[in-house]
Structures are given as structure tokens and as C-alpha cells.
Amino acid sequence: MADADPRSQRRSRTAMPLPGCVALVLQGGGALGSYQAGVIEALGEAEIGIDWVAGISIGAINAALVAGNPPERRVAALRAFWDEATSALPSFPIWPQDALREVLHEWSAGMVMATGVPGFFRPRPVPPAMALPGTPEALSFYDSSPLAATLDDLVDWDLLNDGPMRLSVGAVDIETGNFRYFDTSECRIDARHVMASGALPPGLPPVEIDGRWYWDGGLVSNTPLTHVLDHQRDSMLVFQVDLFSAIDDRPKTILDVMAREKEIRFSSRTRAVTAERMRLREERAAIRKVLAKLPDDLKDDPDVVALGEQAAEMPVNLVHLIYRANAWEGGSRDFEFSQRTMREHWHAGEAAVAETMANARLIAQNIIDGRTAAFDLTHR
């Protein structure tokens, strides 16, 4: 598209022009979700208003906290959730060596497995194998009802559903295996929909909504990027917050193997979706370029018109904000809910936005020119 949308004259405090729609795409990743909270706080400080937030799993929880609170209360709601979730594991002293920090990290994760996460989930008193088949108690190791109370306490559901920000959360229908997005443009969302998006088996129980039972959307895709791009109605700036990096060092220990396996499993889907969508846009741009060269007597041909409609699209600038784990973070990083680690993740999210904004002129020029591109402007 040659011309940027006129609403690109909206500007953030960093003087970045904003297109018709700014979307925030939040991946699943459990305890790593505090990185997303840091991103959200930093984007707010930069006065980059979010029009649409989409999330899966922990991303759905953070997304609901954003959409269900006015701008001046969003960070407070995020802090309330993450402070409670990490309240059982205080901020331990920093160990001088990565090996010692890794031991503490794994111990903290073990405590979560044994005792649960405050305001999120708690162990069941009876093992699933001893529970009545078909009951939630027989289908999971933990009870997630504390999360329902936490969400109801921190989220204004009327604002979430009727306010200016669009919200989408993804889950998987257990019986069909099909992905389902719950979207405020199509239905009313409550705590059940958010909990369904994060109901990762066998830890957490499935959630029933209108007679259907759902599990964590990350079982099919760990990023809601596809949903956002498939329903694009305007020029877009998309901040995609990835909690697992596709690039890392070769494993040296069995704990490294566990960590790397999880990174590849979850980041590969995100990377594949992004690459496929960017490639599709390049193909459509090539089609539009060829159609523009056709003689006038062919431009009204029904087949040419139909092809032009299929190739039409609006520009998208996709900004990756990727969490890159510390050397001491092993395969348990997604369920290590300690205060110190949470705060470090939060600060890392803020730093990623700051680094991106320092190079924002590259994104800004693309928005002004109406071009499509993907950016990762943080350190590798």
C-alpha cells in the first residue's frame, strides 16, 4: 500500500506515528509472563495506546488485566496479580554463581509444584487417580478456582467487554481438538474464558463454557498472531511479546536440555507463524505489482478483480519483544514464581521496550511509508 492510513498521525510520547490499530500479542509461558507486564508498563509510559490485546495462557491473564482496567490502573492491577502470585517465595539473596542460582531456581520451582501459586492454583488434597472419573479432580493435579476469584477481584468485566479495547483469548476444544478464539467483538468474556486459555493439562483442569470443555490454547499455537492478522481491518503496529527465544546456546547439561527443548517447542510455532505470514504478504505484494501492469482492458475482468481482492491488504509492522533467558534459568522457568525472578523478568520487559524505542525511527519510517516489515530491535 502506497499511503499510510491518515490516523497514523496519532503519535506516542516518543514521537512514533501510530497507525489505525496498535495490537499487543501475548504468548503463553507461565511465570515468564511478568516479562509481559514490564512491556505493558513501558508501553504505557511511552504513551503508546493499545487498541487490541490478544493473549494465550498467561498472556490471556495479562491481557484481561489490561483490557479490564482503565489506563491509570492497569499497572497496579498487573502488580497486584504478580505480587500475590509470587508472595509465597520471597526475594532471596542473589547468588554469586550461575550454578548456585540455578539450584535456587529449581528449588523454587519445586516449591511451586508442592504448594501451588497464591491467587492462581493450589494442589488437590486427593491425587487424580483416586478421584471419581470425569470430575475436575480426576483430570488435573491442581485446583485453579483461586484464579477465578483473583480475576473477578482485579478485572472490571463490563469495561473489558464494553470498553474501547478489543480482547481476544485462545483455547482448545478438548473433544474436537479445534482452536477457538473468544473475542469481545463477538461474545462477552468472563473469568471462564481467560481460565480456559490457561488450563494447561495435566496440571490445571479443563474449563466448561456453554457445554464445551477447553484446555490451554498453547497446545495448538502459543501465539495469537494469526487471529489478529486474519481479522485485520486497518493498518497495524503489532507488538508481539515472545517468552521463549528461538536462538540459544547448545546445551551442556541435562537441565540445559530440558530448557532448550521447551524453548524450541514453543518458539518454533511463533517463528513459523510469523515467517508464514510475512511470506504470504510478500506474495500478495508481488501479485498487486503484476496486476498494476495489466492493460486497462483487462483490469475489469472478473478473474482479475477477484485476484485483486484476494491480494489486497493493509500494512503491518510487527515488532518482536523476545525474552532471552539467563544462564541459570532451566526447564522449570515457566513455573518458578519467586519474587526476585518475577522482578527481574519485569525489568527485562521494560528494558526491551526502551531498547526498541531507541531505534524506533526504523519502525516510524515504515509506518509513514505504509510498508510492511518485521522488527527485532533488541540485543541478541
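## Basis and conventions

Two strands are taken to pair if DSSP finds at least two bridges between them. Helices (H or I, at least four residues) and strands (E, at least two) are DSSP runs, numbered from the N terminus.

This is a predicted model, in which local features need pLDDT of at least 70 and side-chain atom pairs count only at pLDDT 80 or more, while totals for chains, interfaces and linings use all residues. Residues are numbered from 1 along each chain as its sequence is written, and side-chain values use heavy atoms, with hydrogens and water left out.

## Strand E3 and its neighbours

Strand E3 (residues 21–26) pairs with strand E11 (residues 236–242) in the parallel sense, over six bridges. Within this pairing, Val25 has Gln240 of E11 as its bridge partner. E3 also pairs with strand E4 (residues 52–55), again in the parallel sense, over four bridges; here Ala23 has Trp52 of E4 as its bridge partner. E3, helix H1 (residues 33–45) and E4 together make a right-handed β-α-β unit. Right-handed means that, with the strands pointing away from the viewer, the path from the first strand over the helix to the second runs clockwise.

E3 is mostly covered, with six of its six residues buried. Buried stands for under 20% relative accessible area, exposed for over 50%, and partly exposed for values in between (1.4 Å probe, protein chains only). In a regular strand the side chains alternate between the two faces of the sheet. Both faces of E3 are covered: Cys21, Ala23 and Val25 are buried on one side, and Val22, Leu24 and Leu26 are buried on the other.

Strand E10 (residues 212–216) runs antiparallel to strand E7 (residues 166–173), and three bridges join them. Ala171 has Asp216 of E10 as its bridge partner.

Three bridges also join E10 to strand E9 (residues 207–209), and these two strands run antiparallel. Val207 stands opposite Tyr214 of E10. The hairpin of E9 and E10 has two residues between the strands, and Asp210 takes a positive phi there, near 55 degrees.

## Salt bridges

Side chains of opposite charge can pair when their charged atoms come close. The structure holds 15 salt bridges, each defined as a side-chain nitrogen of Lys or Arg within 4 Å of a carboxyl oxygen of Asp or Glu. One of them joins the side chains of Asp158 and Arg188, at 3.5 Å from N to O. This pair links distant parts of the chain, 30 residues apart: Asp158 is in helix H6 (residues 157–162), and Arg188 is in the loop between strand E8 (179–183) and helix H7 (191–197). Asp158 counts as exposed because its relative accessibility is 51%, whereas Arg188 is partly exposed, with a relative accessible area of 46%.

Arg281 and Glu313 form another salt bridge, with the closest N and O atoms 3.3 Å apart. The two residues lie 32 residues apart and link distant parts of the chain, Arg281 in helix H9 (residues 254–292) and Glu313 in the loop between helix H10 (302–311) and strand E12 (316–322). Both Arg281 and Glu313 are buried. A network of salt bridges links Arg281, Arg284, Arg288 and Glu313. In a further salt bridge, the closest N and O atoms of Arg324 and Asp376 are 2.8 Å apart. That pair also links distant parts of the chain, 52 residues apart, with Arg324 in the loop between E12 and helix H11 (339–358) and Asp376 in the segment after strand E13 (373–375). Asp376 is buried, with a relative accessible area of 18%.

## The largest pocket

The largest pocket holds about 750 Å³ of space. On a 1 Å grid over the protein atoms alone, a pocket is an open set of points where a 1.4 Å probe fits, with protein on both sides within 12 Å along at least five of seven lines; lining residues have an atom within 4 Å of a point. Grid points are joined across faces, edges and corners, and the volume is the space filled by probe spheres set on the points.

The lining of the largest pocket consists of 30 residues, and Leu200, Pro201, Gly203, Asp334 and Phe335 lie nearest the centre. Helix H2 (58–67), helix H4 (98–115) and H9 each supply at least two lining residues; H9 gives the largest share, four residues. By class, the lining has 17 nonpolar, eight polar and five charged residues. Here Ala, Val, Leu, Ile, Met, Phe, Trp, Tyr, Cys and Pro count as nonpolar, Asp, Glu, Lys and Arg as charged, and the others, Gly among them, as polar.
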